[in-house]
Structures are given as structure tokens and as C-alpha cells.
Amino acid sequence: MTFSNTLISWYLENKRDLPWRKTDNPYLIWLSEIMLQQTRIAQGTPYFLSFVSNFPTVFDLANANEEQVLKLWQGLGYYSRARNLHKTAQFVATELSGKFPDNYNDLLKLKGVGEYTAAAIASFSYNEVVPVVDGNVFRVLSRYFDVETDIAAASAKKEFAALAFELMPKDNPAIFNQAIMEFGALQCVPKSPNCGVCVFNSSCAALQKKKVDQLPVKSKKLKVRNRFFNYLVVSDDDENTIIQKRTAKGIWHNLYEFPLIETDAPEDFDFISKTIQDSFFKNNPLISVEEDSEKNIVHKLSHQHLHIQFWKVRVAGIIENGIDAVTLKTFPFPIVIHNFIEKDFLS
């Protein structure tokens, strides 16, 4: 148990003061775990505090409308997390009388809760002896024990979970799970860890074999897809604009955006102007089309890069279903559109 004892001692001396570590309330732990998936703690913490302030209980979150939830989530990305969060809150509130399942297997049945999140809630809220396995855990264990298993392989999680379970003190699994994740986040970091001050520098197999930068092994990701979004920022005689809701499945589902021309490659002024004249705002004569001064924005997601260009379009008359700038800012948008509205709308 030397590894575990050393790890936990390090954690007690070095752990960060994080709000979700001060509670065993499964609602708050679930909320933090969903928010921190694919999100840095520094970015996620203000969102967590905002959600807790607006929705202090699972009933408050369940009773909110989806647009309220998406608006508060705006900027965190991976918006399916927010939609699943809302649906799960409604399920827990109505079907489970507000009580989260108290074990790993039942937690797994909740929408949006995978193996990692279920393990985190089960151990942190109920002290169930179940290991968490995230990127930090893969990295720490693969380096310390020189495990060369490809962590992208389907069998990797089971192998690393078994190793973590073997190491875990069965009387306090929660602190071990917290400790190994924190160690990976603060000390055994992905690039250029400071092994000279590491508490494991005399026993880490990767350090002894000069393999720290080679572990964990991870096969290359799938090729990133490029998409080209041309947003039409319309302004009519009343300085109103128009937006639409993305109802199709995929990125930004149920968020709002300006009218969109998606193309297979970057397009020029002539193409955009002709497409607008042929297909948009037929009841309002086109006065001008202007490419926004800020050139192409590349918004990088994990599986695709969005090349975004805003076009300011002025039309004559009053546009149907137009909204003013104040109303516009109440809708939930992808962060790249939100930032444009805050900085440039109707300027």
C-alpha cells in the first residue's frame, strides 16, 4: 500500500480548495462532474457556482426551461451535456423523488452518466469502493507501472480500473480517487512534468526507463473535419435582426444562430451576395452586404474545425419575426456567436 499512502499524503498537502470537495451531496457532485467533462477546472468553476446559485436543488434545475439551462451553460461547449443534465434532473426529480441512486450500477442508468461519472458520484457521495478512470488516472498509472496498453483501446479502461481497484484502500476509496486525479492534474501532467520534485521519483518505472514522455500510449485521433459557416447578420429599417434555432441533431442542437449558409470551402463576396438574393429575405429588398472586418474565425472542436465568417446584411423595410438587440441577448448562443454579438452586433 506504499503507493496509495504516498499518494494520499501528497494529496492532503497539495489539494486545491474546490467547492464540490466540501460536500457529499450527490446532486452537487453530479453537477460538477458533468460540467468538468472536457472542461478545465478554472473555466468550469464559475459555471458550477452560477448553476448552484440559480438551481440550488435538483428540483430547481428540473423546473427550469431548457433555454435557461443552455443560456447559463453558454461557453462551456459540448452542449449535449447541458441537455442531458436537464433531462436527468427532471427524471431524478419526478421519477426518483429527488433522490439520486446510491450505487454505481444504478447511477450508470441515468442519461449522460458514464462509467467515470458514476464512479465519481458513487465514491464521493456514498464511499462505494469503485475506481474512477479518467485521463489523469491513465497517465499516472501508465507511467508509474510502465503500462504500454493503448488507452484508446476498448479494453484499456477495464485494465486500468482493475489496477486502480487493487491499489485503492477499501475503507476510503473517495480520497484515493480524488488523490490520483489531483496528482495527474497538478504533478504528473501531460507535458514536461517536474519529475525532480515528484514524491514517486525513486519508484516510477517510466522515470527510471526514461519513458515519461512516451506514456500513456494513445493511438492517433480520427481526422478532423473542416466546415465553413457564413452567418448573415441582418439589419432592417428598425435595426432589428433575425435568428433561428438549430433543431437538427449535431453541434449546438437547440441553440440559436443567425441565418446560415454552410459551404464546402471558403466563399467570396459575389457568391454570398447572390445566394442571399436568391434564397433569403425575399420580402425585403437587399440594400448592402458587407463582410465583417474580423476575417475568418476558426472555432476548434474536438472532431471538427468551424471556419466562421459573419456577413452584415442590410435590408429595406421591416423583416418578419425580427427582434431588437436587447431581446437578442436573452437567447442561448454558441459562444463564438455570443462573442460576436457582444462585440460587434449592429456596430
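**Close-up 1. Ser125 in helix α8.** Ser125 is found in helix α8, residues 115–126. Helices here are DSSP runs (H or I, at least four residues), numbered from the N terminus. This is a predicted model; local features need pLDDT of at least 70, side-chain atom pairs count only at pLDDT 80 or more, and totals for chains, interfaces and linings use all residues. Residues are numbered from 1 along each chain as its sequence is written, and side-chain values use heavy atoms, with hydrogens and water left out. Ser125 is buried, at a relative accessible area of 12%. Buried means under 20% relative accessible area (1.4 Å probe, protein chains only). The Ser125 side chain reaches the backbone oxygen of Asp24 at 3.1 Å. Leaving aside neighbours within four places in sequence, Ser125 is in contact (heavy atoms within 4.5 Å) with Asp24, Asn25, Pro26, Ile29 and Ala120.

**Close-up 2. The largest cavity.** A search of the whole structure finds one cavity of 30 Å³ or more. On a 1 Å grid over the protein atoms alone, a cavity is a set of points where a 1.4 Å probe fits but cannot get out; lining residues have an atom within 4 Å of a point. The largest cavity holds about 140 Å³ of space. Its lining has 15 residues, and Phe183, Cys188, Cys195, Cys198 and Cys204 are the closest to its centre. Helix α9 (residues 135–145) supplies the largest share of this lining, three residues. The lining divides into 12 nonpolar, two polar and one charged. Ala, Val, Leu, Ile, Met, Phe, Trp, Tyr, Cys and Pro count as nonpolar, Asp, Glu, Lys and Arg as charged, and the others, Gly among them, as polar.

**Close-up 3. Cys195 and Cys198.** The structure holds zero disulfides (pairs of cysteine sulfur atoms within 2.5 Å). Cys195 is in no disulfide; its nearest cysteine sulfur, in Cys198, is 6.3 Å away. That 6.3 Å from the sulfur of Cys198 to that of Cys195 is too far for a bond. Cys198 is buried, with a relative accessible area of 13%.

**Close-up 4. The second largest pocket.** About 200 Å³ of space lies in the second largest pocket. A pocket is an open set of grid points with protein on both sides within 12 Å along at least five of seven lines. Grid points are joined across faces, edges and corners, and a volume is the space filled by probe spheres set on the points. The pocket is lined by 14 residues; Tyr11, Trp20, Arg21, Lys22 and Gln178 lie nearest its centre. Helix α11 (residues 173–186) gives the most to this lining, with three residues. The lining residues divide into seven nonpolar, two polar and five charged.

Key. Helices (H or I, at least four residues) and strands (E, at least two) are DSSP runs, numbered from the N terminus. Buried means under 20% relative accessible area, exposed over 50%, partly exposed in between (1.4 Å probe, protein chains only). A polar contact is a pair of N or O atoms within 3.5 Å; within protein, one must be able to donate a hydrogen and the other to accept it, and residues adjacent in sequence count only if both atoms are side-chain atoms.
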